[in-house]
Structures are given as C-alpha cells and as structure tokens.
Amino acid sequence: TLPSPLLTVEDLHVSYGRVEAVQGVSLSVGAGQIVSVIGANGAGKSTLLGAIMGALPSRGRVEYAGRTLAHTPLESRVAAGMTLVPERRELFSSMTVEDNLRLGAYTRRREGAGDLGSVFTRFPRLQERRKQLAGTLSGGEQQMLAIGRALMARPKLLLLDEPSLGLAPLIVREILRIVAELRDAGVTVLLVEQNARAALAISDFGYVLEGGQVRLSGPAADLAHDPAVVASYLGAG
Ligand code: ATP
C-alpha cells in the first residue's frame with residue numbers, strides 16, 4: 001500500500017549556463033515518508049532541492065499537494081508547507097539560538113503558539129543554549145538549530161540538504177533519529193545525503209543520483225543491499 005505522493009517531480013532539468021546539472025530527474029515522495037536521494041559530490045543533489053523549492057529556474061514538472069508548481073515563487077512554496085534546510089545551514093551566527101528560531105516562523109501565515117516550546121521539547125540541547133550565539137554552537141548543535149528553525153515554519157514537506165555534513169558518526173545518528181521522529185509525527189521528508197548508509201537506514205524509499213540522473217531507485221532496504229549501491233556508496237565502514 002503506497003501512500004499518495006505529496007511531491008512528484010517529472011523530467012526536471014536544471015542548467016548553469018551550458019552545464020546541465022540535473023538531467024531529467026523524476027521522483028516521488030509519498031506523504032508521511034522519508035525518501036532519500038543519495039549521490040557523490042557534484043551529482044546534482046543540492047541543485048535538485050533548489051529547483052524543487054523554486055530557488056533555481058528549471059524545466060519539467062513539480063507537483064506538490066496536488067498542485068503543479070510552475071511559476072510559484074519560493075515564498076509561496078514555503079507558505080504552502082515546503083521548507084528547505086540548506087547544506088550550509090545559513091544560521092545568523094551573531095544572533096542567539098532563540099532569535100534564530102523565531103526568524104524561522106516569520107514566513108508562516110498563521111501564528112501558532114507553542115512552536116518554540118515544541119522545538120525545545122524535540123531539541124532539549126537548544127533549550128539549554130537558547131541565549132547562546134548560534135555561531136558558537138558545535139556543528140551538531142548548529143544542524144539541530146537549522147532543523148529547529150525549519151520546524152518553526154510548520155513544514156509538511158521538509159527538504160534536508162546533507163544534514164550529516166561534517167558531523168561525527170554519533171551526532172549523525174542523533175540527528176537522523178530526530179528526522180525519523182519527525183516522519184513519525186507526520187512530516188514528509190526528502191533527504192539528500194552523501195552518507196548513503198545513514199540515510200538509507202531511516203528512509204522508506206531511495207534514489208541514487210549520478211551525473212544529474214537517477215541511476216537506481218527502490219525501497220531503501222533493497223537499495224542498501226543492491227550490489228551496485230554497496231560497491232559505490234556503502235564500501236567499508
Ligand atoms: P555537493 O554535495 O558537493 O554539494 P551535489 O550533489 O549537491 O554535490 P550540486 O551542488 O547540485 O551537487 O552540483 C551539481 C553540478 O552543478 C556540479 O557539477 C556543480 O559544479 C555545478 N554547479 C552547482 N552550482 C553551480 C553554480 N552556481 N554555477 C555553476 N555550476 C554549478
């Protein structure tokens with residue numbers, strides 16, 4: 001029983017000048033699922049997310065919650081429940097944890113009380129550090145803050161760009177455990193990762209992106225045992 005898709009991408013193309021970074025990608029993210037896109041450096045993962053968010057011009061079809069997004073600007077996509085946690089986290093480093101979180105809510109149309117509280121419940125470490133400047137947080141804490149800030153926008157679809165980047169294995173596990181909890185709480189997640197092993201472990205479905213194209217796709221558990229995936233992405237370790 002497949003969940004109905006919250007996001008469908010069909011034949012998406014994105015170019016930087018003459019370089020086509022995304023070359024006809026199609027994928028689907030079922031409501032309530034974690035779907036991962038794994039691939040090496042330069043495979044086109046960040047570009048794909050940027051195009052889905054409407055931050056980069058693209059050709060092809062993006063359908064979200066039953067609506068085709070053609071010329072829908074980024075702000076409207078955020079208002080409709082799509083939120084991107086960018087690879088570089090893009091925190092305001094000289095502002096406090098709490099103020100960074102409050103900024104995450106500014107695009108939200110309906111002001112919902114208790115959001116800070118629910119983020120702090122999910123990330124007790126952010127609560128302990130609420131008055132600390134974001135730039136002085138550890139890498140793992142900064143990633144938590146970036147995700148927490150995204151949650152302040154009350155996303156239906158969370159787009160995560162390499163949340164494991166630069167983090168120690170234990171912290172990666174903690175972050176991805178929280179991502180799985182968010183899915184269990186009803187948030188749909190599109191997760192982009194170089195860390196294929198960690199990503200597939202929490203995902204329902206996965207896509208392998210190479211050179212801007214989908215090379216393989218399948219249930220995450222199957223991909224994790226696929227000889228080609230094991231050889232290229234799950235080597236030792
Ligand atoms: P990484 O994990 O290293 O960010 P990625 O899979 O996210 O890799 P992208 O960042 O999407 O890959 O890059 C895909 C291709 O597009 C690469 O060849 C990259 O050099 C190129 N590219 C990305 N951004 C730009 C840009 N602003 N201008 C020109 N080329 C770009």
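Is E141 buried or exposed? E141 is buried, at a relative accessible area of 6%, where buried means under 20% relative accessible area, exposed over 50%, and partly exposed in between, with a 1.4 Å probe and protein chains only.

Before the rest, the basis. This is a predicted model, in which local features need pLDDT of at least 70 and side-chain atom pairs count only at pLDDT 80 or more, while totals for chains, interfaces and linings use all residues. Residues are numbered from 1 along each chain as its sequence is written, and side-chain values use heavy atoms, with hydrogens and water left out.

On confidence: pLDDT is the predictor's confidence in each residue, from 0 to 100. The average for the protein is 91, and 95% of the residues score at least 70. For the complex, the predictor gives an ipTM of 0.91 and a pTM of 0.93.

Now the sheet. Helices (H or I, at least four residues) and strands (E, at least two) are DSSP runs, numbered from the N terminus. Two strands count as paired if DSSP finds at least two bridges between them. An open sheet is formed by 4 strands in the order β2-β1-β4-β5, with antiparallel pairing. At the edges stand β2 (19-30) and β5 (67-68), each with a single partner strand, so one side of each has no neighbour in the sheet. Within the sheet, β1 (residues 5-16) and β4 (residues 59-64) pair in the antiparallel sense over 5 bridges. T8 has its bridge partner in β4, namely E63.

D11 counts as partly exposed, at 43% relative accessibility.

Helix α1 lies across β1, β2 and β4 and runs at about 115 degrees to β1. That angle is between N-to-C directions, on a scale from 0 to 180 degrees, with axes as lines fitted to C-alpha atoms, for helices over the stretch in contact.

Next, salt bridges, meaning a side-chain nitrogen of Lys or Arg within 4 Å of a carboxyl oxygen of Asp or Glu. The whole structure has 16 of them. One of these joins K45 and E162, with the closest N and O atoms 3.6 Å apart. K45 is in helix α1 (residues 45-53) and E162 in the loop between β7 (157-161) and α7 (169-184), so this pair ties together parts 117 residues apart in sequence. Both residues, K45 and E162, are buried. What is the relative accessibility of E162? For E162 the figure is 3%. E162 also has a positive phi, near 45 degrees, in a residue other than glycine.

Back to E141. Its side chain meets that of R125 in a salt bridge, 3.4 Å from N to O. The pair links distant parts of the chain, E141 in helix α6 (residues 139-151) and R125 in helix α5 (residues 124-128), 16 residues apart. R125 counts as partly exposed, at 26% relative accessibility.

A further salt bridge is between the side chains of D204 and R183, at 2.9 Å from N to O. D204 is in the loop between α8 (196-202) and β9 (205-210), and R183 is in helix α7, so the pair ties together parts 21 residues apart in sequence. D204 counts as partly exposed at 32% relative accessibility, and R183 as buried at 17%. There is also a network: salt bridges with shared partners join E98, R102, R130 and K131.

That brings us to helix α3 (residues 97-104). Which of its residues are buried? They are V97, E98, N100, L101 and G104. Seen down the axis of α3, these buried residues fall within an arc of 160 degrees, so they line one face of the helix; the arc is that of the directions from the helix axis to the C-beta atoms. An α-helix has 3.6 residues a turn, so residues three or four places apart point the same way. The buried residues of α3 pack against α4 (115-122), α5 and α6, with contact meaning heavy atoms within 4.5 Å.

Last, A146, in helix α6. A146 counts as buried, at 3% relative accessibility. Leaving out residues up to four places away in sequence, A146 touches V85, R89 and L91. A146 and R61 are 85 residues apart in sequence and 28 Å apart in space, C-alpha to C-alpha.
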